[in-house]
Amino acid sequence: MSQLSKKKQLQEVNFYLNGLLPQYDAITNNKEDVWATPKEFLTIGCGDCEDYAIIKYYSLLRLGFDKKKLYLTIVQDKYTSGYHMVLSYFQTPKNSPLVLDNLSFRILPLSKRVDLKPLFFINNKGVYKLKKGTLIKTAPEYKRFSELRKKVDKNL
């Protein structure tokens, strides 16, 4: 798959992983808001929004995507006021990031996702907010993401 264009790789990863069954953490783990590693997600066979964002993040890293351009993104659904997680891919710093969402097979720029209000962008370098099209660092790390990375590193 690495011989495909970046756009096609994004589409293939999003399409394939969106085919896995969705299920809330309360049902699969008897807890709320569990961040599963890709291995845990595939072993259980289903997951919720953060599990999809996480497995897409690690899948794209394995394909050679730059981790500086990938962000787990906490968003708020403007219609339901519920919170959700997607994966954002910043092709360039000046363009709106592309959104890989387990609720959509279409990959659209965040600017076209009128249903989503981005709250936080998280990667291995810290936590960011988007202000006037620019990422502004608000914290050096996101504890849950740091814990997840350690867990993934142990289980590879």
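Residues are numbered from 1 along each chain as its sequence is written, and side-chain values use heavy atoms, with hydrogens and water left out. Because the model is predicted, local features need pLDDT of at least 70 and side-chain atom pairs count only at pLDDT 80 or more, whereas totals for chains, interfaces and linings use all residues.

Helices and strands are DSSP runs numbered from the N terminus, a helix being H or I with at least four residues and a strand being E with at least two. Two strands are taken to pair if DSSP finds at least two bridges between them. In these terms, seven strands form an open sheet in the order β6-β5-β4-β3-β7-β8-β9, with antiparallel pairing. Its edge strands are β6 (108-109) and β9, each of which pairs on one side only. Strands of a sheet pair through backbone hydrogen bonds, either parallel or antiparallel.

Strand β3 (residues 70-77) is joined to β7 by six bridges in the antiparallel sense. In this pair, Ile74 stands opposite Phe120 in β7. Helix α4 packs on the sheet, where it touches β3, β4 (83-89) and β5 (98-100). The direction of α4 makes about 10 degrees with that of β4.

From β7 the sheet continues through two hairpins. Strand β7 (residues 116-123) runs antiparallel to strand β8 (residues 126-131), and three bridges join them. Ile122 is placed opposite Val127 in β8, and the hairpin of β7 and β8 has two residues between the strands. Five bridges then join β8 to strand β9 (residues 134-139), again an antiparallel pair. Here Lys129 stands opposite Ile136 in β9. The hairpin of β8 and β9 also has two residues between its strands.

Lys132 lies in the loop between β8 and β9. Its phi is near 50 degrees, a positive value in a residue other than glycine. Most residues other than glycine have a negative phi, and most peptide bonds are trans. Relative accessible area, computed with a 1.4 Å probe on protein chains only, is called buried under 20%, exposed over 50% and partly exposed in between. Lys132 counts as exposed because its relative accessibility is 87%. Ser81, in the loop between β3 and β4, likewise has a positive phi, of about 65 degrees, although it is not a glycine. With a relative accessible area of 47%, Ser81 is partly exposed.

Contact means heavy atoms within 4.5 Å. Not counting residues up to four places away in sequence, Leu116 touches Val75, Gln76, Lys78, Val86, Val99, Asp101 and Leu110. Leu116 and Ile74 are 42 residues apart in sequence, and their C-alpha atoms are 9.5 Å apart in space. Lys117, also placed in strand β7, is partly exposed, with a relative accessible area of 42%. In a regular strand the side chains alternate between the two faces of the sheet. Leaving aside neighbours within four places in sequence, Lys117 is in contact with Ile74, Val75, Gln76 and Lys78. The C-alpha atoms of Lys117 and Ile107, 10 residues apart along the chain, are separated by 16 Å.

Among the helices, α1 (residues 6-18) and α4 (residues 49-62) have axes that come within 10 Å and cross at roughly 140 degrees. Axes are lines fitted to C-alpha atoms, for helices over the stretch in contact, and angles run from 0 to 180 degrees between N-to-C directions. In the contact, Gln9, Leu10, Val13, Asn14, Leu17 and Asn18 of α1 meet Tyr52, Ile55, Lys56, Ser59 and Leu60 of α4. The residues of this contact divide into six nonpolar, four polar and one charged; Ala, Val, Leu, Ile, Met, Phe, Trp, Tyr, Cys and Pro count as nonpolar, Asp, Glu, Lys and Arg as charged, and the others, Gly among them, as polar.

Thr37 is found in the loop between α2 (25-28) and α3 (38-44). Thr37 counts as buried because its relative accessibility is 2%. Apart from residues up to four places away in sequence, Thr37 touches Leu148, Lys151 and Val152.
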